[in-house]
Amino acid sequence: MGLSLSPLVLIVLACSTGSFLQCNGNPFRRHHSRVAKHNYRDALSKSIIFFEGQRSGKLPSNQRVTWRRDSGLSDGAAMHVDLVGGYYDAGDNVKFGFPMAFTTTMLSWSVLEFGGLMKGELQNAKQAIRWATDYLLKATAHPDTIYVQVGDANKDHSCWERPEDMDTPRSVFKVDKNTPGSDVAGETAAALAAASLVFRRSDPTYSKLLARRAIRVFQFADKYRGPYSNGLKKNVCPFYCSYSGYQDELLWGAAWLHRATKNPTYLSYIQVNGQILGAAEFDNTFGWDNKHVGARILLSKAFLVQRLKSLHDYKGHADNFICSIIPGAPFSSSQYTPGGLLFKMSDSNMQYVTSTSFLLLTYAKYLTSAHQVVNCGGIRVTPKRLRTIAKKQVDYLLGDNPLKMSYMVGYGPRYPQRIHHRGSSLPSVANHPAKIQCSAGFSFMKSQSPNPNILVGAVIGGPDQHDRFPDQRSDYEQSEPATYINAPLVGALAYLAHSFGQL
């Protein structure tokens with residue numbers, strides 16, 4: 001007869017032998033003693049699947065968003081270049097290079113900081129990055145030229161068409177020596193450099209190609225200076241106008257090249273040019289347009305973790321941003337809704353929620369590594385406090401809000417049904433093989449019916465400053481998803497899923 005042990009003894013034995021049961025000292029339970037209300041692992045998986053719904057070009061056999069089909073297969077032909085692939089940025093069928101590059105940088109940063117926690121999702125995240133970098137390599141194939149947009153945005157927006165049906169002009173727009181674009185070029189260099197780190201071990205040849213291209217693209221950005229919305233104003237504005245100028249992208253691009261190449265020339269570039277490029281400015285909004293805050297946090301790592309004393313000032317610059325976010329801190333300048341959501345602006349506010357949450361978690365990681373805290377006018381703010389604030393923002397997004405509404409499509413029992421997204425709102429090609437013409441699509445856009453195709457993982461613009469959300473398809477400010485909303489959320493969800501033992 002075998003030895004029979006009580007359940008309690010079995011648990012004690014399991015804990016003492018290092019099992020991953022919920023025991024004291026479980027390495028997964030790093031910051032939270034209570035059980036999670038949310039399935040962060042499910043949200044992480046869905047936040048990455050979303051990118052497959054945004055794909056342009058020839059879809060692979062392992063495509064998981066199966067209501068989508070091939071599209072934009074002759075993109076680039078207008079200028080005799082191959083620009084097939086990449087992502088549609090949001091709910092339309094234009095490929096905007098500026099936000100696509102930022103999306104790539106943030107997806108890469110998510111993987112670099114938290115990819116080690118992603119387990120089975122790491123491969124999916126890397127595929128999402130590679131779909132973008134393959135395209136960015138095509139867009140930068142010619143020296144001192146970047147193809148920064150495919151599609152005429154005004155004509156595209158005058159139709160409500162599936163990407164598979166699109167027949168509006170696929171005009172191609174570029175920046176070059178005569179029409180510079182230091183902002184889009186600096187961001188593209190950042191994206192290529194960050195992604196080169198992602199693939200350094202798994203595909204060294206590809207990684208080297210990305211790094212070499214990043215170096216060349218940054219040289220172009222720095223040598224031929226000017227904002228891309230000067231020369232391309234009627235094509236890129238008001239959609240992705242560079243309102244913050246190009247200085248932030250030069251600092252951000254240099255910061256990523258410094259991290260990716262370890263070449264001292266980038267460190268000296270940052271030391272010489274940092275102040276001119278706005279390192280110390282008090283602009284505390286981080287998104288597709290303004291990268292100053294991201295550059296400050298990124299460069300603070302070099303001081304905090306790698307002990308690069310010459311970048312000491314970036315700890316102070318990063319602290320200033322963090323203090324602006326902390327509710328009730330002496331230098332707090334951030335607005336929150338009554339329900340507790342960070343509120344930066346009415347148009348696509350959720351992008352600032354996800355980017356800020358990512359920066360809080362990333363900075364908390366750097367501070368913990370260096371045994372440091374944030375100093376806000378004499379008040380000590382610990383890494384734990386930063387993580388708590390980030391978690392509260394992500395939890396609001398996932399349904400802990402006055403409407404009990406998840407702002408991620410397909411996650412939770414209640415989520416937006418009428419998102420502003422052409423492919424999601426029109427019948428799929430499988431269900432309606434015949435072409436739906438340009439203006440015929442508007443009857444679907446104006447309908448009150450739920451979207452027929454669920455764009456799983458899409459995070460939309462979100463509620464207004466009073467926590468209200470009408471769920472109206474025409475309301476692009478609140479109901480439109482975008483790749484750059486999801487990209488930083490991938491990292492935040494990986495961290496939360498790990499810290500609650502879900503991965």
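Analyst: The largest cavity is lined by Gly53, Gln54, Arg68, Tyr88, Ala90, Gly91, Asp92, Asn93, Pro163, His421, Arg422 and Gly423. This is a predicted model, in which local features need pLDDT of at least 70 and side-chain atom pairs pLDDT 80 or more, while totals for chains, interfaces and linings use all residues. Residues are numbered from 1 along each chain as its sequence is written, and side-chain values use heavy atoms, without hydrogens and water.

User: What makes a space a cavity, and what makes a residue part of its lining?

Analyst: On a 1 Å grid over the protein atoms alone, a cavity is a set of points where a 1.4 Å probe fits but cannot get out, whereas a pocket is an open set with protein on both sides within 12 Å along at least five of seven lines; a lining residue has an atom within 4 Å of a point. The largest cavity holds about 50 Å³, a volume being the space filled by probe spheres set on the points, which are joined across faces, edges and corners. There are 5 cavities of 30 Å³ or more.

User: How do the residues of the lining of the largest cavity divide by class?

Analyst: They comprise 3 nonpolar, 6 polar and 3 charged residues. Ala, Val, Leu, Ile, Met, Phe, Trp, Tyr, Cys and Pro count as nonpolar, Asp, Glu, Lys and Arg as charged, and the others, Gly among them, as polar.

User: Which element gives the most to the lining of the second largest cavity?

Analyst: H7 does, with 3 residues. The lining includes Arg216, Val217 and Phe220, and strand E2 (145-150) also supplies at least two residues. Helices (H or I, at least four residues) and strands (E, at least two) are DSSP runs, numbered from the N terminus.

User: Why is H4 called oblique to H7?

Analyst: Helix H4 (residues 121-139) and helix H7 (residues 204-223) pack at about 50 degrees, with their axes 11 Å apart. Angles under 35 degrees count as roughly parallel, over 145 as roughly antiparallel, 65 to 115 as roughly perpendicular and the rest as oblique; H4 is therefore oblique to H7. Axes are lines fitted to C-alpha atoms, for helices over the stretch in contact, and angles run from 0 to 180 degrees between N-to-C directions.

User: Which residues make the contact?

Analyst: Arg130, Thr133, Asp134 and Leu137 of H4 meet Tyr206, Leu209, Leu210 and Arg213 of H7, contact meaning heavy atoms within 4.5 Å. These residues divide into 4 nonpolar, 1 polar and 3 charged.
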